[in-house]
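Colleague: Could you walk me through this one slowly? I'd like to ask things as they come to me.

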Amino acid sequence: MFSPLLNTSTLTEDELLEKINNIANKIALARRAYMSGELIQQMEMIYHQLNTEYQERLTIKNTKDESTVVEIGKIEGED
């Protein structure tokens with residue numbers, strides 16, 4: 001599920017990670033307090049959306065450009 005009210009485009013990776021940890025703590029507290037299952041599901045949806053955004057950013061950041069041509073030398077006899 002996707003929450004259209006959650007805007008993560010302006011957050012840095014550190015702020016995003018802080019929000020992920022914050023919502024995870026809130027989910028744990030809600031479970032311990034036996035809060036409504038629907039409420040916990042909504043918080044989990046936001047948690048998963050934040051986590052997905054964070055993972056996508058890490059993947060983009062750590063993915064190397066594979067279209068780079070590396071010159072390793074010339075074959076003998078070719079000019």
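Colleague: How far apart are the end C-alpha atoms of helix α2, and what span should its residues give?

Modeller: This is a predicted model, and in it helix α2 takes in residues 37-62, which is 26 residues. At 1.5 Å a residue these should span 38 Å, and the end C-alpha atoms are 37 Å apart, which agrees.

Colleague: What caps the N-terminal end of α2?

Modeller: Serine 36 does that, with a side-chain oxygen that lies 3.2 Å from the backbone nitrogen of glutamate 38.

Colleague: And which residues of α2 are buried?

Modeller: They are Ile40, Met43, Met45, Gln49, Leu50, Tyr54 and Arg57. What covers them includes α1, which is made up of residues 13-32.

Colleague: Stepping back for a moment, how many helices and strands does the protein have?

Modeller: There are two helices and zero strands. Of the 79 residues of the protein, 19% count as buried.

Colleague: So how do α1 and α2 lie relative to each other, parallel or antiparallel?

Modeller: Their axes come within 9 Å and cross at roughly 155°. An angle over 145 degrees counts as roughly antiparallel, and therefore that is how α1 and α2 are described. As for the handedness, α1 passes α2 in a left-handed crossing.

Colleague: Which residues meet where α1 and α2 come together?

Modeller: From α1 there are several, including Leu16, Ile20, Ile23, Ala24, Ile27 and Arg31, and they meet a set in α2 that includes Ile40, Met43, Glu44, Tyr47, Leu50, Tyr54 and Arg57. Several of these α2 residues are also on the buried list, among them Ile40, Met43, Leu50, Tyr54 and Arg57.

Colleague: What is arginine 57 in contact with, leaving aside its neighbours in sequence?

Modeller: Once residues within four places in sequence are left aside, arginine 57 is in contact with Thr8, Ser9, Leu11, Thr12, Glu13 and Leu16.

Colleague: Where does threonine 8 lie?

Modeller: Threonine 8 lies in the segment before α1, and it is buried, with a relative accessible area of 11%. Not counting residues up to four places away in sequence, threonine 8 touches Leu16, Leu50, Glu53 and Arg57.

Colleague: Is tyrosine 34 buried or exposed?

Modeller: Tyrosine 34 is exposed, with a relative accessible area of 75%.

Colleague: Back to α2, then. How accessible is glutamate 44?

Modeller: Glutamate 44 is found in helix α2, and at 21% relative accessibility it counts as partly exposed, because the buried class is kept for values under 20%.

Colleague: Which residues does glutamate 44 touch?

Modeller: Not counting residues up to four places away in sequence, glutamate 44 touches Ile27 and Arg31. From C-alpha to C-alpha, glutamate 44 and alanine 24 are 8.1 Å apart in space, although they are 20 residues apart in sequence.

Colleague: Last one: among contacts between residues at least 6 apart in sequence, how many join residues at least 24 apart?

Modeller: For the protein that comes to 68% of such contacts.

How values were computed. Residues numbered from 1 in each chain as written. Predicted model: local features only at pLDDT ≥ 70, side-chain atom pairs only at ≥ 80, totals over all residues. Heavy atoms only, no water. Helix = DSSP H or I, 4+ residues; strand = E, 2+ residues; numbered from the N terminus. Expected span 1.5 Å × (residues − 1). Buried < 20%, exposed > 50% of the residue type's maximum accessible area, 1.4 Å probe, protein only. Contact = heavy atoms within 4.5 Å. Polar contact = N/O pair within 3.5 Å; in protein donor to acceptor, adjacent residues only side chain to side chain. Axes fitted to C-alpha atoms, helices over the stretch in contact; angles between N-to-C directions. Parallel < 35°, antiparallel > 145°, perpendicular 65-115°, else oblique. Left-handed = near helix turned anticlockwise from the far one by under 90°.
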